[in-house]
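Hello,

Here is the structure I promised to pass on to you. Have a look at it first, and then read my notes below.

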Amino acid sequence: MTARLDSRPVPRLAGHADLIAHAHARSATHGLRRQDAPDLDRLPRSELELRREQHRTLLRQATPVMTELCRQLAGTRCMAVLSGPDGLLLHADGDARFLRRSEQVALQPGADWSEGRKGTNAIGTALATGTPLVVGGPEHFLDANRFLVCACAPIEDADGTLLGALDVSGDASSSGLHPLTPVQTAVLQMEHCLFLARHADAVCLAVDDRPQRLGTPAEGLLAFTPDGRGLAMNRAARRLFGLHPRALPPAFADLFDAGCEPEAALPHATESRTVRGRDGCDWLVRRYPAPAPVVRPPAVEPVAGRALSALQSGDPVINAAIGKLKRVLGKQVAVVLSGETGTGKELFARAIHDDTPGRDGPFVAVNCAAIPEALIEAELFGYEEGAFTGARRKGGIGKLLQADRGTLFLDEIGDMPTSLQARLLRVLQERAVTPLGSTRTLPTDFMLVCATHRDLRAMVDDGSFRADLYYRLNGLTIRLPALRERVDLAALIGRMLGAGTTTPPPRLSDAAAALLLGHDWPGNLRELATVLHTARCLADDGLIDVEHLPDELTTRPRLPPAATAVRLCEHQDRLVADTLERLGGNISAAARALGISRNRLYRQLARAR
Ligand SMILES: Nc1ncnc2c1ncn2[C@@H]1O[C@H](COP(=O)(O)OP(=O)(O)OP(=O)(O)O)[C@@H](O)[C@H]1O
């Protein structure tokens with residue numbers, strides 16, 4: 001790999017100047033000014049861990065590729081950074097000296113590098129435009145970031161969904177780097193790994209017209225069911241077959257003149273052979289064995305039940321709900337999660353997905369309340385070319401098909417228009433979808449999890465929700481308690497402040513802890529996460545005090561002081577226990593992590609016994 005160029009100016013793609021000019025104009029509309037001080041805001045570790053958890057599949061595939069990229073870039077004083085689709089940095093790796101330098105502008109996990117927060121920068125601008133690009137020196141909107149030169153490429157799913165971005169950043173004055181090619185190669189590799197991981201249970205074929213490309217991450221990839229139904233195809237395959245990026249994946253028999261079943265046409269996995277295409281061209285085709293080429297992600301398989309277990313923090317209602325959910329996982333039982341806003345319904349849905357046998361399949365979330373009624377039908381069922389005015393050419397794959405072999409999460413199911421409830425019921429019963437404007441019926445099989453903050457039973461009674469759909473959805477209903485009803489508030493606070501860290505979590509003053517424990521949390525876990533995040537940002541000396549908490553907490557205390565004191569002790573005990581467990585019982589390490597002396601830790605342990 002040739003990452004380092006001499007000190008020639010960085011070559012630019014055509015249109016680059018325009019792209020940067022537009023990005024600067026957008027940055028100004030976000031209210032940023034060039035001279036603004038660096039924005040050093042980062043998510044608290046506990047929130048970051050949650051966000052990393054939500055992007056677990058991406059991280060699992062991307063981390064080994066980043067390690068390899070950093071090995072190749074060794075000696076160039078730069079770092080590789082992975083961001084999610086919203087610009088939140090999830091992982092960083094690279095030259096230790098440059099990692100320290102990048103801390104000055106918070107180019108670190110937990111920071112938000114979207115254009116809205118940092119102005120023109122490689123990550124934010126690549127995500128905003130969907131374009132790979134290099135942003136160097138003064139092309140950064142904020143003066144504080146001008147010491148950087150960064151190359152970044154967006155990472156996409158096979159269906160074009162933005163998953164995140166990979167960036168390589170170095171020092172503009174010393175590196176003279178133009179690392180866009182290695183970044184793009186690494187992204188291809190990640191997308192290749194993601195495709196194969198996501199379709200591990202399908203029949204995956206590599207296809208190309210050039211033998212030298214077969215077996216590399218640039219090859220075309222196709223996934224089929226054993227009977228030859230098209231499940232997915234990557235960008236390279238779409239290009240090879242001249243298909244629109246949003247076209248529904250064709251069946252094996254639509255592409256090749258070799259029968260209907262891919263396994264019958266290619267009985268010997270791994271051996272490539274020439275197969276005549278429907279277009280009359282000869283294609284080199286190879287069946288994929290399970291492993292991905294070149295880089296294999298480390299074999300860290302999730303332990304069944306672990307994601308749900310991670311949501312337990314001592315509340316008996318939550319524990320009982322998790323116990324029930326674990327018993328129905330993988331058994332075709334539809335789950336309805338009910339509860340006030342912010343009680344963690346989506347987090348539970350993701351944990352259910354992560355613990356089911358279909359966890360390597362997609363998790364597809366649809367918020368029925370957020371999509372205009374006119375679009376929800378196309379969004380769910382998909383559509384063929386020209387199905388309605390404004391439909392994309394070549395049609396679009398609906399969420400019900402995207403969720404095949406994975407989990408479909410229908411959030412705010414109570415807001416599903418009544419006109420579509422009957423169609424949804426039919427899909428659930430027949431396990432097949434007919435896209436809008438199509439005569440083809442395509443099978444789909446997913447685990448269904450629905451969520452609502454409404455009383456569906458009452459909606460059935462008043463006629464606004466179909467009774468037949470209600471009885472089909474209502475396999476197991478779990479009511480998630482409001483935070484004010486939970487008895488594990490202290491443990492949750494401790495966990496959110498300290499999870500996933502080996503450095504000291506921020507401490508809470510007794511007064512701040514009393515206010516947190518006495519609040520009635522109308523916004524539930526969402527409010528709690530936000531309050532802790534803000535407090536953590538404000539408390540730069542590592543001690544969260546009353547002044548770091550919002551006014552609502554100081555004006556609405558709920559619990560009597562005696563109960564507060566008891567819960568405060570419980571919070572401290574649990575924090576100590578969690579930290580010790582995480583650090584394998586090592587007293588010195590736990591004391592360091594908690595920011596207290598060993599003697600104080602011994603005293604606290606003695607009191608807890
Ligand atoms: N057990 C938990 N620990 C830490 N944070 C949590 C937990 N559960 C939820 N959160 C955080 O609270 C916020 C709200 O969670 P989530 O979106 O799952 O709630 P919801 O019930 O689906 O909300 P809504 O009904 O408004 O869609 C998220 O930021 C999530 O990360």
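**Around the ligand**

Sorted by type, the residues of the shell around the ligand come to seven nonpolar, six polar and four charged. Please keep in mind that this is a predicted model. The ligand is surrounded by 17 residues, and the closest are Thr341, Gly344, Lys345, Glu346 and Leu525. Two elements, α14 (345–355) and α22 (524–538), are the ones that give two or more residues to this shell. Domain 3 (306–479) and domain 4 (486–608) each supply at least three of the shell residues.

Next, have a look at β1, residues 78–83, where six of six residues are buried. In a regular strand, side chains alternate between the two faces of the sheet. On one side of β1 lie Cys78, Ala80 and Leu82, on the other Met79, Val81 and Ser83, and all are buried.

β1 pairs antiparallel with β5 (residues 162–171) through six bridges, and with β2 (residues 89–94) through five, again antiparallel. Met79 faces Ser169 in β5 and has Gly94 as its bridge partner in β2. Five residues separate β1 and β2 in their hairpin, where Gly87 has a positive phi near 95°.

**Strand β10 and its partners**

β10 (residues 282–287) pairs with β6 (residues 203–208) over four antiparallel bridges, with Val285 opposite Val207. Four bridges also link β10 to β9 (residues 273–276), again antiparallel, and here Trp283 is the partner of Val275. The hairpin of β9 and β10 has five residues between the strands, and Gly280 in the turn shows a positive phi of about 85°.

Enjoy exploring!

Key. Residues numbered from 1 in each chain as written. Predicted model: local features only at pLDDT ≥ 70, side-chain atom pairs only at ≥ 80, totals over all residues. Near = placed C-beta within 6 Å. Nonpolar A, V, L, I, M, F, W, Y, C, P; charged D, E, K, R; others polar. Domains from an automatic or database assignment. Pairing = 2+ DSSP bridges. Buried ≥ 20, exposed ≤ 12 C-beta atoms within 10 Å, placed from the backbone.
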